[in-house]
Amino acid sequence: MTDMTATYAALEPSRAEKFRQRTVPLIAFAVLLLVIPLFNPSRSMVTLLNHMGITIVFALSYNMLLGRAGLLSFGHAVYMGLGGYFAVHVMNWVADGSGFWGAVPVFTMPAFGFGAGALAGAVIGWPSCRRAGTPFAMISLGVAELVAAAGFMFDSLFGGEMGISGDRMSGPEFLGLSLGPVDEVYWFIAFWTFIGVLGTYAFTRTPLGKLSEATRDNPERVEFVGYSPQRVRYLVFIFAGAFAGMAGGMSAVQDEIFTPENLSLIPSGAILIATYVGGIRYFTGPIMGAIIMTYMGSNLSDYTAGWLLYLGLMFVGVVMFLPNGIAGIVYGTTDTIRAGRLGEVWQSWLIRLAGLVLIATSVITIVEVAFRWSEGYGEVFEPFGLHLDTTNLLTWVLGVVPLVLGVLLVLKSAKGESK
Amino acid sequence: METLVFALLNGVIYGLLLFMLSSGLTLIFSMMGVLNFAHASFYMLGAYLAFTIMEGTSFWIALFLAPVLVGLVGMVVERYGLRRVHAQGHVAELLFTFGLAYLIDEVVKIFWGRTAVNYRVPELLDFPLFTLYGAQYPAYRIFILFVAAFMLVALWYLLKRTRAGLIIQAALTHPHMVGSLGHNVPLIFMSVFGVGCALAGLAGVIGGNYFVTDPAMAVQMGPIVFVVVVVGGLGSLEGAFVAAMLIGLLQTSAISINASLADIFGFLGLGPHTEVGEITIASMAPMLPFLLLVLILMIRPRGLMGEREV
């Protein structure tokens with residue numbers, strides 16, 4: 001018996017390991033959040049960072065469902081939207097300033113969003129969490145359509161097509177932040193992003209968090225051990241709704257407006273894509289996905305009309321070839337380097353990289369030329385001084401030859417790896 | 001009476017179109033377990049291809065060619081996309097088709113623009129067929145009725161009265177056994193996927209000029225088709241038919257009812273000028289299918305006529 005316990009004790013990570021793996025990344029994240037303003041980012045950059053923070057919390061809450069509990073939801077924006085709507089209403093009560101609400105600082109809005117999101121999750125989750133898999137996905141789709149349609153119907157709650165706006169500068173100041181200029185909003189977002197990351201991470205360490213993963217992998221065995229998978233799903237669903245509502249509260253303060261569009265399938269689909277592309281098997285995957293997608297959404301759309309197409313291609317590519325997402329690449333690479341196996345694989349990696357670059361060249365050429373052709377203004381795609389129009393032979397060569405070569409190279413490197 | 005007859009006629013036509021879309025989806029769903037999110041995108045593709053072919057040649061060539069082309073696209077998608085993702089489970093498949101729907105939307109916008117195209121009813125069928133209660137009824141709607149009914153009978157004959165149909169039915173429930181008997185199950189899957197997509201394309205060809213052909217048509221139709229499949233029950237064409245008719249009639253008759261909630265629930269004290277009381281049945285019509293979906297999944301998860309649970 002003592003032998004057994006001794007072996008188990010040896011299997012447990014040491015305190016130093018625990019500290020390095022669990023506490024250090026969180027401290028590093030906090031330091032990063034504190035350091036960013038020292039670089040004097042521009043106003044638009046700060047706005048972008050704020051949106052990244054909101055999306056990070058939203059994506060992490062979504063991954064509580066998709067990655068951890070294995071529940072594919074097509075309507076997660078409902079909870080962010082309802083949380084956000086409640087926060088906007090509270091902001092308006094604060095602006096009225098009578099009684100209790102007069103003393104509530106706007107800084108605490110995400111907490112109200114958290115509560116509203118949890119309540120929405122508790123109400124809607126009750127019928128939808130009885131089944132996992134496809135039925136769950138279908139119910140979430142139906143609920144999302146219903147709530148979005150209701151959003152356009154009840155004007156006093158959702159404000160119709162115009163939505164409802166609030167004023168973040170009302171109410172008492174908290175920690176000397178008036179929340180007027182965006183760099184003051186940055187501190188608000190940074191604080192709540194950290195709380196969101198900490199909260200969702202802490203959740204994965206709780207027995208409920210562990211059980212949700214067990215339910216994803218094998219609900220029958222969970223039932224044998226004596227837990228109800230349905231109940232586990234339901235509880236996880238409430239927490240996921242709560243954190244989504246928190247992101248809604250953050251968004252209410254940053255953007256000061258919520259419209260029924262925020263409840264619809266479009267933001268739900270966007271967060272699904274961001275989370276999956278980031279990598280649902282890692283805790284940090286959704287964070288990476290949120291950062292990249294927010295950045296692409298705000299910057300790439302200035303460069304090219306086809307950014308939604310690139311987004312779609314990227315998503316389909318990840319689903320087909322990279323089920324672990326971007327986080328999978330990052331951790332796979334660092335693991336290989338740490339294990340000292342870089343020497344064995346660098347050739348195959350270089351071939352694959354070259355292949356991917358070639359494929360990207362072709363895809364970008366095709367998409368850009370096609371979009372300019374489709375708009376019909378006679379505009380021509382001119383990268384690096386080349387003049388690529390539809391009659392130019394070079395356009396067709398660039399659209400086809402690198403694609404074929406790239407696919408061949410990637411296949412070759414895949415073959416080399418499997419050997 | 002007048003509204004009732006028109007609602008009934010239009011409801012049946014809408015229901016038949018819905019069935020044409022959902023019959024392919026329900027076959028694919030029950031055979032491979034893939035709920036094809038992109039199914040309505042194939043419907044859109046059919047409408048757009050028919051528009052282009054009709055510009056070059058005639059509507060009748062488009063009626064045959066466009067579904068065939070859509071079916072071929074579907075087969076390619078199954079062979080090189082879905083089959084690859086299949087090993088990763090149903091959630092990955094659902095996500096793949098979700099991404100595919102996204103891509104088809106964007107590609108359609110590139111080729112045909114962001115606004116509606118002028119896809120019109122062919123001149124040969126562009127006349128009022130009969131006059132009913134003083135209102136003229138267009139011949140094209142009756143044409144839709146006939147095409148859909150013909151397709152329905154053909155599908156029924158193919159599945160229930162031919163050898164190929166027998167094998168497909170067997171592969172629905174026992175794919176491994178069918179494989180052991182020497183049939184090429186992946187090929188069956190690919191063909192069923194292709195035929196399902198071609199049916200969606202056909203619905204697009206005859207529905208695109210009945211409704212509007214624009215890039216939003218897939219997003220509008222898609223979720224309703226899911227509702228039909230789930231409400232009808234997994235693997236049941238009869239169920240899909242009943243559900244499609246039910247939803248078609250429900251939606252078209254709801255649109256023609258002008259009563260508000262206050263008129264109906266007035267006896268409960270709901271005032272006509274409160275926010276809830278002012279909602280009319282007509283404005284609730286788009287919500288009804290989803291209400292039905294949620295209710296069915298909660299109360300009877302195997303759908304109206306399904307043999308297995310979803």
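How far apart do the end C-alpha atoms of residues 279-299 of chain B lie, and what share of the span is helix? The legends below take up this stretch along with several other close-ups, and the model behind them is predicted.

View 1. In residues 279-299 of chain B, the end C-alpha atoms are 26 Å apart, and the span is 76% helix with 0% strand. Now turn to residues 94-112 of chain B: here the chain is 100% helix and 0% strand, and 27 Å separate the end C-alpha atoms.

**View 2. Helix 9 of chain B against helix 10 of chain B.** Here residues 217-232 (helix 9) pack on residues 237-256 (helix 10) of chain B at an angle of about 130°, with the axes 7 Å apart. Helix 9 of chain B is therefore oblique to helix 10 of chain B. The crossing of these two helices of chain B is right-handed. On the helix 9 side of chain B, look for B:Ile224, B:Val227, B:Val228, B:Val229, B:Val231 and B:Gly232; they meet residues of helix 10 of chain B including B:Gly239, B:Ala240, B:Val242 and B:Ile247. By class, this contact of helix 9 with helix 10 of chain B has 10 nonpolar, 2 polar and no charged residues.

**View 3. Helix 1 of chain B against helix 10 of chain B.** Stay with helix 10 of chain B and bring in helix 1 (residues 2-32) of chain B: their axes come within 7 Å and cross at roughly 145°. This crossing of helix 1 and helix 10 of chain B is right-handed. The contact of helix 1 with helix 10 of chain B divides into 12 nonpolar, 12 polar and no charged residues.

**View 4. Helix 3 of chain A against helix 13 of chain A.** Over in chain A, helix 3 (residues 43-68) and helix 13 (residues 285-303) have axes 8 Å apart and pack at an angle of about 140°. That angle makes helix 3 of chain A oblique to helix 13 of chain A. Their crossing in chain A is right-handed. Helix 3 of chain A contributes residues including A:His51, A:Met52, A:Tyr62 and A:Asn63, and these residues of the contact face a set in helix 13 of chain A that includes A:Pro286, A:Ile291, A:Met293 and A:Ser298. The contact of helix 3 with helix 13 of chain A holds 11 nonpolar, 6 polar and no charged residues.

**View 5. Where chain A touches chain B.** At this contact, 32 residues of chain A are in contact with 35 residues of chain B. Helix 6 (133-153), helix 7 (155-158), helix 14 (307-321) and helix 16 (342-375) of chain A each supply at least two residues of the side that touches chain B. Helix 6 of chain A gives the largest share of that side, 13 residues. The side of chain A that touches chain B has 23 nonpolar, 6 polar and 3 charged residues.

**View 6. The two domains of chain A.** Domain 1 of chain A covers 20-305, and domain 2 of chain A covers 341-418. Taken over C-alpha atoms, the centres of these two domains of chain A are 37 Å apart.

How values were computed. Residues numbered from 1 in each chain as written. Chains lettered and ligands numbered in written order. Predicted model: local features only at pLDDT ≥ 70, side-chain atom pairs only at ≥ 80, totals over all residues. Helix = DSSP H or I, 4+ residues; strand = E, 2+ residues; numbered from the N terminus. Domains from an automatic or database assignment. Axes fitted to C-alpha atoms, helices over the stretch in contact; angles between N-to-C directions. Parallel < 35°, antiparallel > 145°, perpendicular 65-115°, else oblique. Left-handed = near helix turned anticlockwise from the far one by under 90°. Contact = placed C-beta atoms within 7 Å. Nonpolar A, V, L, I, M, F, W, Y, C, P; charged D, E, K, R; others polar.
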